[in-house]
Amino acid sequence: VALKVLHAQYSQDPAYQERFEREATLGLKLNHEGIVKVYDLIVDGGRLALAMELVSGTELSHQIGQVRGPIPWREALAMFDGLLDAVSHAHSEGVIHRDLKPENIMVCEGGGLKVLDFGIARDESSGKTKTGTGMGTVDYMAPEQYTDASKVDARADIYALGMTLYEMVAGRLPWAANATEFEVLNTKAAGKLPPPTQFYPDIPPELVSVIEQAMDVDLGRRCESADAFRSALEGVIRSAGEAAMRACEE
């Protein structure tokens, strides 16, 4: 197993303790091959630790930022399919992650993805959640999550997944690396993100449309679930396959 130990300087901080304990509770509840498994919460003389599944691999953020850059869209979708299945499982158990991003996704040695860090997740089945604004990571969080993180539903995770897929196929986020949180939030609220093809052209328009739907500011137009997102991406693959067949026939 891997041991995740809460640093001594945070061990007496109630907020960090609560986050650590929430990660343990939800990790014990969730059981999916695409989610890093938590086996036990260890309390030892005031110190907290999690006994977790040992995963060999690197963070997706490292793959995008330092190893790969843009991931060819077909390969990205093959990786992403398992991730959507894992998030669908979490949602079926009433768990909203609220901090999905490449830093919280492991790329395993075989190329599969695993979700980790449910420290600020919302458990709808228990009704317990942490209140406040701005919980999450600004680059990936849905606009409504910044307003009130305690009331978001599965569509907030869909937005974060859309931004993650955007970064996978474009090799970068829609804004400059030195953009301020204020600039990022204003860009999102305006709903005018540059398409990923602006940074990496070899992305089919059908995929661009699905990514944009996943990140629609209007909740009524956003993909409503991980399964709906997955179905839309399967449609992109079918469309590409039909186009390739037509090209061969011609």
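A pocket is an open set of points, on a 1 Å grid over the protein atoms alone, with protein on both sides within 12 Å along at least five of seven lines. Its lining residues have an atom within 4 Å of a point. Grid points are joined across faces, edges and corners, and a volume is the space filled by probe spheres set on the points; the probe is 1.4 Å.

This is a predicted model, in which local features need pLDDT of at least 70, side-chain atom pairs count only at pLDDT 80 or more, and totals for chains, interfaces and linings use all residues. Residues are numbered from 1 along each chain as its sequence is written, and side-chain values use heavy atoms, with hydrogens and water left out.

**View 1. The second largest pocket and its lining.** The second largest pocket holds about 170 Å³ of space. Its lining includes Tyr159, Tyr166, Lys188, Lys192, Glu212 and Asp216. Gly191, Leu193, Pro194, Pro195, Met215 and Val217 also line this pocket. By class, the lining has 7 nonpolar, 1 polar and 4 charged residues. Here Ala, Val, Leu, Ile, Met, Phe, Trp, Tyr, Cys and Pro count as nonpolar; Asp, Glu, Lys and Arg count as charged; the others, Gly among them, count as polar.

**View 2. Helix 5 against helix 7.** Helices (H or I, at least four residues) and strands (E, at least two) are DSSP runs, numbered from the N terminus. The axes of helix 5 (residues 154-170) and helix 7 (residues 205-214) come within 8 Å and cross at roughly 145°. Axes are lines fitted to C-alpha atoms, for helices over the stretch in contact; angles run from 0 to 180 degrees between N-to-C directions. The crossing is left-handed: the near helix is turned anticlockwise from the far one by less than a right angle. Helix 5 contributes Ile158, Tyr159, Gly162, Leu165, Tyr166 and Val169 to the contact (heavy atoms within 4.5 Å). Helix 7 contributes Leu207, Ile211 and Ala214. The contact has 8 nonpolar, 1 polar and no charged residues.

**View 3. The open sheet with order 1-3-2.** This sheet has 3 strands with antiparallel pairing. Two strands pair if DSSP finds at least two bridges between them. Strand 1 (2-5) and strand 2 (38-44) are the edges, each pairing on one side only. Neighbouring strands are turned by 25° against each other on average, direction ignored. Strand 1 joins strand 3 (residues 47-52) through 4 bridges. Ala2 has Met52 as its bridge partner. Between strand 2 and strand 3 there are 6 bridges, and Leu41 stands opposite Leu50. Strand 2 and strand 3 form a hairpin with 2 residues between them. In the turn, Gly45 has a positive phi of about 60°. Helix 1 (residues 14-29) lies across strand 1, strand 2 and strand 3, at about 145° to strand 2.

**View 4. The open sheet with order 4-6-7.** Its 3 strands pair antiparallel. Strand 4 (57-59) and strand 7 (113-115) are the edge strands. The twist averages 30° from one strand to the next. Strand 6 (residues 105-108) pairs with strand 7 over 3 bridges. Met106 has Lys114 of strand 7 as its bridge partner. Helix 2 (residues 60-68) packs on the sheet and touches strand 4 and strand 6. The direction of helix 2 makes about 80° with that of strand 4.
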